[in-house]
Amino acid sequence: MGGQTRKKIQKKLKIRGYSLKMDGLEEILSFVNRFEDAQDEAIDLLLDQLDQQSLKSSIINKETVHQVISLLLEAEAAEEECPTSHSSIRVIDAFLVPKFRYDSIKKHFLQQADWLSIHGEASAKAALYRDRFLLLFQRVSRDQHFIKPAFNIDDETSQSCQLSPIQSLVGQRGRRWVMGLISQLEDGFFTENTIIVAEGEMLSEGIFQVITCGFPPLEDRDKSLKILAGHDFFGGGSLTKEETLRLADLEKRAVNDMFVILSDIWLDNEQVMEKLEIVLDGFERVEIVPSLFVFMGNFCSHPCNLSFHSFSSLRLQFGKLGRMIEAHPRLKEQSRFLFIPGPDDAGPSTVLPRCALPKYLTEELQKHVPNAIFSSNPCRIKFYTEEIVFFRQDLLYKMRRSCLIRPSTEETDDPFEHLVATITHQSHLCPLPLFVQPIIWNYDHCLHLYPTPHAIILGDRSEQKAFKYTGTTCFNPGSFSDDSTFVAYRPSTQEVEFSAL
């Protein structure tokens, strides 16, 4: 690894017209090795700073490199002393996530700057499916198995699985690969509205007979980011190289930061409230309190639908929770509290994404906990450079009910692992038919998982589970009201600690 880094440094310096002495190379290596996960950015940053210096010679020695590194470290120290716009934890409401659309002709993404109406026109429903398809199509078209060979090769000997447009299948013979949406199929949950890649043959009756099918292949997160050319799909704001390096270093050092995540906190249930107080008492006494508490709904044991008439009582129960948090001074002062509504909580409808809890319910709590944050479902958090998605929905139950073919048990028989594979390959949090789970047509992009985030937290009534899939940490904290389970998550190391009373 060290030899590759040396060659990389020497090559980049040579491209910029510099000659490097051995002691200068060693000095650069010691600097770059501080950033194991961002070595390329560290080298580029150092060279950019080197270009700004008034050098007497193009030959770079140890003293020159040391001066440049000192300038970078001084700038970093100055930034740490001054407050910056990028705090360690940034909460992003789903309705503030920027929308991008893929232009299949120009082969790049364009940001939609227009204001998006909640009540979309009929064309918005068609655009929802088209945008999902094109998002995955551009990803698949870069996959090594689907790239068209540079030279004409016999189809029988070629390892390429080039996709054929569906309209081109008429009159074609032999096996072809197509990509499309299931409208009415072994790893993962094949439901209506999922996008698949299928191999098959067009029969004389005009029917495409599928021989094998699967989800579109995944793409490495770093590769996606390079393709996106600085576009901010996540909504946390674009960062310069210098900011990315500085935040990555701070993130690596933030080993004591911890998120405590609880789902299903029934405020109208005395036993649940007593258990919650035990949890808060325990964290009040630890040496370093958690950075963030995430409370995910439902916040009531009864659905807050049209037949629910106890909103004033629920408002008082939120106030009671506020007084409980206020009784723990260290948590109130040093921790932040994020509230995410559940599928049965109060709101205008059950459609996704759901807006934050109504202010009428939360006013009393906010009097006692001024720094409480009320966000949408789903919502996103950026912890330094780490991207985390939170989603509270009984998704596993709905996916299993809507599944057209039972998943294969060849690799795993764990339903949660199939669920994680499904949403990551689909790059979508909820690839269900719209009649099963309605989605606001103009805001479907808020549920996209592209580029794949570092962590996905799926609040579900099913049992606690954690699964790391292709570099993404996914887990379900369990139901606190049902079985008193919750999770402590350390974002710096992506470590998941299952907890229970």
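What you have open is a predicted model, where local features need pLDDT of at least 70 and side-chain atom pairs count only at pLDDT 80 or more, while totals for chains, interfaces and linings use all residues. Residues are numbered from 1 along each chain as its sequence is written, and side-chain values use heavy atoms, with hydrogens and water left out.

**Stop 1: helix α12**

Select residues 395–402, which make up helix α12. Helices (H or I, at least four residues) and strands (E, at least two) are DSSP runs here, numbered from the N terminus. Colour Leu395, Leu396, Met399 and Ser402: these are the buried residues of α12. Now look down the helix axis: the buried residues fall within an arc of 140°, so they line one face. That arc is taken from the directions from the helix axis to the C-beta atoms. On the other side of α12 you'll find Tyr397, Arg400 and Arg401, which are exposed.

What do the buried residues of α12 pack against? Show β7 (190–191), β15 (386–392), β16 (403–405) and α13 (415–426) to see their partners; contact here means heavy atoms within 4.5 Å.

**Stop 2: the largest pocket**

Next, select Glu41, Arg221, Asp222, Leu225 and Thr244, which lie nearest the centre of the largest pocket among its 49 lining residues. On a 1 Å grid over the protein atoms alone, a pocket is an open set of points with protein on both sides within 12 Å along at least five of seven lines, a cavity is a set where a 1.4 Å probe fits but cannot get out, and lining residues have an atom within 4 Å of a point. The pocket's volume is about 1,800 Å³; grid points are joined across faces, edges and corners, and a volume is the space filled by probe spheres set on the points.

By class, the pocket lining divides into 12 nonpolar, 16 polar and 21 charged residues. Ala, Val, Leu, Ile, Met, Phe, Trp, Tyr, Cys and Pro count as nonpolar, Asp, Glu, Lys and Arg as charged, and the others, Gly among them, as polar.

**Stop 3: salt bridges**

A salt bridge is a side-chain nitrogen of Lys or Arg within 4 Å of a carboxyl oxygen of Asp or Glu. Glu387 is buried at 8% relative accessibility, and Arg221 is buried at 15%.

Now try Lys320 and Glu270, another salt bridge, with the closest N and O atoms 3.1 Å apart. Lys320 sits in helix α9 (residues 311–326) and Glu270 in helix α8 (residues 270–284), 50 residues apart.

For a network of salt bridges, select Asp264, Arg392, Asp394, Arg461 and Asp482.

**Stop 4: the largest cavity**

Finally, find the largest cavity, with about 130 Å³ of space. Of its 14 lining residues, Phe100, Leu135, Phe233, His445 and His448 are the closest to its centre.

Definitions and conventions
Buried means under 20% relative accessible area, exposed over 50%, partly exposed in between (1.4 Å probe, protein chains only).
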